Amino acid sequence: MIDFNKDPFEQFDRLLKEAAEKQIPEANAMSVATVDERGVPSVRVCYLKEVSQGGFVFYGNYNSHKGQSIEYNSNVCLNFYWPAIWQQVRITGKAEKISAAESDAYFATRPRLSQIGAWASHQSEVIPDIDWLSRRVQEYEKQFDGQSVPRPPHWGGWRVIPQEIEFWFGLTGRLHHRYVFHREGSLWKTFMRSP
Ligand SMILES: Cc1cc2nc3c(=O)[nH]c(=O)nc-3n(C[C@H](O)[C@H](O)[C@H](O)COP(=O)(O)O)c2cc1C
């Protein structure tokens, strides 16, 4: 039997630390699945930046494809897979924008070029060519020369409030363990699923 924490956030935290200790590269990289207004799913990798206030926080452009999809349908699914410890975590829940103050605080810690990039890039839009993007970067570098770069209003974080967290532990013979925390009101119902 696997030693398991009764709090899914503590369990997640423990695994993320274990992954980092095993030097798994970019252990905080996760697949983020959304569904757009046509009902078409899409998945992309984003960095988990924080687990706080009962949710999983990541950042990006609110006007991007994922941003517009979340605006239309806040149901999302996050997935981590750490091969070196043979574990997978799937988080299903609803994404909500974090406060402007939280986004400001995180944006201020980003490298300057990433801050400029957040202004220059209309994430997910078709661009004429790469020179167009370079020109926009130069324009914003000039605009913010000698001053700190403010957070663009179209850039910020989302917090995914989980409805369910499933921990998958790889074991030999395909008899993997799947532990599920499913939220029912303020309580977590726990059960296992067949592998
Ligand atoms: C390792 C890795 C980490 C990434 N982290 C982020 C991130 O934190 N936020 C983000 O918006 N895009 C991130 N990206 C880029 C996204 O995968 C994606 O290309 C971008 O968000 C646009 O997606 P969309 O057009 O579906 O909105 C990352 C890509 C990789 C490969």
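Among contacts in the protein chain between residues at least 6 apart in sequence, what percentage join residues at least 24 apart? The share is 56%, where two residues are in contact if their C-beta atoms, placed from the backbone, lie within 7 Å.

The legends below describe a predicted model, in which local features need pLDDT of at least 70, side-chain atom pairs count only at pLDDT 80 or more, and totals for chains, interfaces and linings use all residues. Residues are numbered from 1 along each chain as its sequence is written.

**Figure 1. Overview of the protein chain.** The protein chain has five helices and nine strands; helices (H or I, at least four residues) and strands (E, at least two) are DSSP runs, numbered from the N terminus. Along the sequence these elements follow the pattern α-β-β-β-β-α-β-β-α-α-α-β-β-β. The C-alpha trace spans about 60 × 40 × 30 Å along its principal axes. Of the 195 residues, 24% count as buried. A residue is buried if 20 or more other C-beta atoms, placed from the backbone, lie within 10 Å of its own, exposed if 12 or fewer, and partly exposed in between.

Figure 2. A nonpolar core is a set of buried Ala, Val, Leu, Ile, Met, Phe, Trp, Tyr and Cys residues joined through C-beta atoms within 7 Å. The largest one has 25 residues, and those with the most contacts inside it are Leu78, Val89 and Val160. Two or more residues each are given to this core by helix 1 (8-21), strand 1 (29-35), strand 4 (55-61), strand 5 (75-82), strand 6 (87-97) and strand 7 (155-169). Strand 7 contributes the largest share, five residues. Apart from this core lies another, of seven residues, among them Phe107, Ala118, Trp119 and Val149. In soluble globular proteins, nonpolar side chains tend to be buried together.

**Figure 3. Surroundings of valine 89.** Leaving aside neighbours within four places in sequence, valine 89 is in contact with Phe12, Leu15, Phe80, Ile165 and Phe167.

Figure 4. Helix 1 has 14 residues and reaches 20 Å from its first C-alpha to its last. This span is close to the 20 Å expected at 1.5 Å a residue, the expected value being 1.5 Å times one less than the number of residues. Buried in helix 1 are Pro8, Phe12, Leu15 and Ala19. These residues cover an arc of only 65 degrees around the axis, which puts them on the same side of helix 1; the arc is that of the directions from the helix axis to the C-beta atoms. An α-helix has 3.6 residues a turn, so residues three or four places apart point the same way. The face turned away from the buried side carries the exposed residues Glu10, Lys17 and Glu21. The buried residues of helix 1 pack against strand 3 (50-52), strand 5, strand 6, strand 7, strand 8 (177-184) and strand 9 (187-193). Just after helix 1, glutamine 23 takes a positive phi of about 60 degrees.

**Figure 5. The buried face of helix 2.** In helix 2 (residues 65-72), the buried residues are Lys66, Gly67, Ser69 and Ile70. Seen down the axis of helix 2, these residues fall within an arc of 165 degrees, so they line one face of the helix. The buried residues of helix 2 pack against strand 1, strand 2 (41-47), strand 4, strand 5, strand 6 and strand 7.

**Figure 6. The shell around the ligand.** Of the 15 residues around the ligand, Arg44, Gly60, Ser64, Lys66 and Ser124 come nearest; a residue is near a molecule if its C-beta atom, placed from the backbone, lies within 6 Å of it. Strand 2, strand 4 and helix 2 are the elements that give two or more residues to this shell. Strand 2 gives the most, with five residues. By class, the shell has six nonpolar, six polar and three charged residues. Here Ala, Val, Leu, Ile, Met, Phe, Trp, Tyr, Cys and Pro count as nonpolar, Asp, Glu, Lys and Arg as charged, and the others, Gly among them, as polar.

**Figure 7. The loop between helix 4 and helix 5.** Serine 124 is found in the loop between helix 4 and helix 5. Serine 124 is partly exposed, with 14 other C-beta atoms within 10 Å, and has a positive phi of about 85 degrees although it is not a glycine. Isoleucine 127 is found in the loop between helix 4 (112-120) and helix 5 (130-143). Isoleucine 127 is exposed, with 11 other C-beta atoms within 10 Å. Leaving aside neighbours within four places in sequence, isoleucine 127 is in contact with Trp132 and Leu133.
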